[in-house]
Amino acid sequence: MHKILFPVSEAYPLIKTGGLADVAGSLPPALKAQHCDVRLLLPAYQQVLDRAESPKKILEIYVPESNAHVRLLETVLPGTDVTTWLVDHPESFQRPGNPYHDDNGRDWPDNASRFALLSRVAAMLGLGSTNLSWQPEVVHCHDWQTALVPALISLASRRPATVFTIHNLAYQGTFSAETFETLHLPGKLWSPEGLEFYGYLSFIKGGLAYADHITTVSPTYAKEIQTPEFGNGLDGLLRHRSTQLTGILNGVDDSVWNPATDDNLVANYDASRFPEKQKNKLALQREVNLPANPDVPLLGLVGRLVSQKGIDLVIGALRQLVQMQLPFQFVSLGAGAQEYEHALAELMLKYPQHISVMIGYDEAHAHRIEAGADMFLMPSRFEPCGLNQLYSLRYGTVPVVRGVGGLADTVIDASTASLADKSATGFVFAEATVSALVETLKRALDLYQDQAAWQRLALAGMAKNYSWRTSAEQYLHLYGTLIGTRT
Ligand code: ADP
Ligand code: GLC
């Protein structure tokens, strides 16, 4: 039974801002189901403490370089039997707002020291330098917040293997060079081959330069990030590490995202009861104050309102669809950049018969949009994997996506040929332009008029099986290889 430590900055249902939490809430139980002894390590944010089942202190750790006394609390990931350790340091983690920024969207000024502390505790547990008797064979880290762990661990002679998963290369944890000093990081790590990035301190380079193996969350994104277009300045390093860089697709957690059992819906359904989906559409139209009409195609969007997600393309396309007087409705849920929030809210005021926008974060509503919409928009500029298109496929809500990253790996465009051989599952376009999105939406709205063809397309998506079991098998294989090469 492999022993894996899984340090991460968010995990559903304890704390979630995006897909990283979905992965950290689903992959560990999937690994556990395959007889892997996996332990999650998370910051004890206030919200985590509120939601965790009776956390109990198992250890006190002094972290000298951070001058921090930390309590390690043990609980389980709710709804699972995955042991979860919480790094309790109130000064760092107990504050209102989001894990990464305050209520006004400003990054917490002490993010470097907060996540260095999380990483240091992970490294100490990884190296067995605390009083805990459990020691992992692999430490599997995620994104910049835990990327220092492989760097810190690399300095020890007897050490576990390290895996670093890139969920999003655009967020790198870049801080001033002085921060390297104030964090008291080992001098050996400061070099262009190490944590230095053009004179700055880069947390993510800790993972990219020092992990034994790097994964990302789709095969296509694994290739894309080795190019200047998607590499965010790190493509050279990633090319250098290409033999230790692989893509493993995310999956869908059936216990959370399943239209047959989802208790957020007014009517449950599956492929054999597909017409029941209509009830969710009508309920959604009523809920968001759009005319309740089963025949008008309803477009949905849920996500962070940031440039990555191509929100500007959606705004431009919506304006054109209204001008062209095409029959459609649009419902969205999300929060993010103010310019997008304002532009969407303005469209809703101007076209209340067509457009309904909710600014904010609401998990139950996200489920109702997935179930009630006819199609789901994800015109991302880049998308490491994307979970919403997988949920859409599962819910028979046809995804309209840009063919990048995980979207390219999971959605098959409805061409004449793919419709004929029934392999089509959605609509895919190439150029990140408003006109390309509009053309694709016109194709989708056209096909929607042929309800039999539309239903075949939706059912083909529902028949896809992106399970965490498959992904967990691939991670286990990787762990096994790494452990094998170390012993
Ligand atoms: P990313 O991680 O880049 O944000 P993903 O598609 O991988 O994109 O995952 C996003 C996850 O966050 C999905 O589970 C989605 O439903 C959820 N989500 C995003 N925004 C919201 C919101 N405003 N309200 C509820 N859930 C949201
Ligand atoms: C990131 C990516 C998203 C991915 C998620 C989980 O937030 O933007 O594409 O699905 O991580 O891996």
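Colleague: How many residues surround ligand 2, and which are the closest?

Modeller: There are 14 around ligand 2, and the closest are H167, N250, E383, C385 and G386. A residue counts as near a molecule if one of its heavy atoms lies within 4 Å of it. Before we go on: this is a predicted model, where local features need pLDDT of at least 70, side-chain atom pairs count only at pLDDT 80 or more, and totals for chains, interfaces and linings use all residues. Residues are numbered from 1 along each chain as its sequence is written, chains are lettered from A and ligands numbered from 1 in the order in which they are written, and side-chain values use heavy atoms, with hydrogens and water left out.

Colleague: Which side chain has an N or O atom 2.5 Å from an oxygen atom of ligand 2?

Modeller: That is E383. The side chain of Q308 also has an N or O atom 3.1 Å from an oxygen of ligand 2, and C385 places a backbone N or O atom 3.0 Å from a ligand 2 oxygen. These are polar contacts, meaning pairs of N or O atoms within 3.5 Å; within protein, one atom must be able to donate a hydrogen and the other to accept it, and residues adjacent in sequence count only if both atoms are side-chain atoms.

Colleague: How much of ligand 2 does the protein cover?

Modeller: On its own, ligand 2 has 310 Å² of accessible area, and the protein covers 93% of that. The areas come from the Shrake-Rupley method with a 1.4 Å probe; for residues, only the protein chains shown count as cover.

Colleague: Why does ligand 2 lie between the domains?

Modeller: Ligand 2 lies between domain 1 (3–251 + 468–485) and domain 2 (271–462) because both give residues to the shell around it. The domain bounds come from an automatic or database domain assignment.

Colleague: Now ligand 1. Which residues come nearest to it?

Modeller: Of the 21 around ligand 1, the nearest are K16, G19, D22, R304 and K309. The side chain of R304 has an N or O atom 2.8 Å from an oxygen atom of ligand 1, and the side chain of K309 has one 2.8 Å from a ligand 1 oxygen. A nitrogen atom of ligand 1 is 2.8 Å from a polar backbone atom of G360. The protein covers 94% of the 560 Å² of accessible area that ligand 1 has on its own.

Colleague: Which elements give two or more residues to the shell around ligand 1?

Modeller: They are α1 (19–33), β14, α13 and α14. Helices (H or I, at least four residues) and strands (E, at least two) are DSSP runs, numbered from the N terminus.

Colleague: How many residues of α13 are buried?

Modeller: Seven of the ten residues in α13 (363–372) are buried, including H365, H367 and E370. Buried means under 20% relative accessible area, exposed over 50%, and partly exposed in between (1.4 Å probe, protein chains only). At the start of α13, a side-chain oxygen of D362 comes within 3.2 Å of the backbone nitrogen of A364.

Colleague: Change of topic. Is D143 buried or exposed?

Modeller: D143 counts as buried, because its relative accessibility is 8%. D143 sits in the loop between β6 (138–142) and α5 (148–154), and its phi is near 60 degrees, a positive value in a residue other than glycine.

Colleague: And K422, buried or exposed?

Modeller: K422 has 58% relative accessibility, so it counts as exposed. K422 is not a glycine, yet has a positive phi of about 65 degrees.
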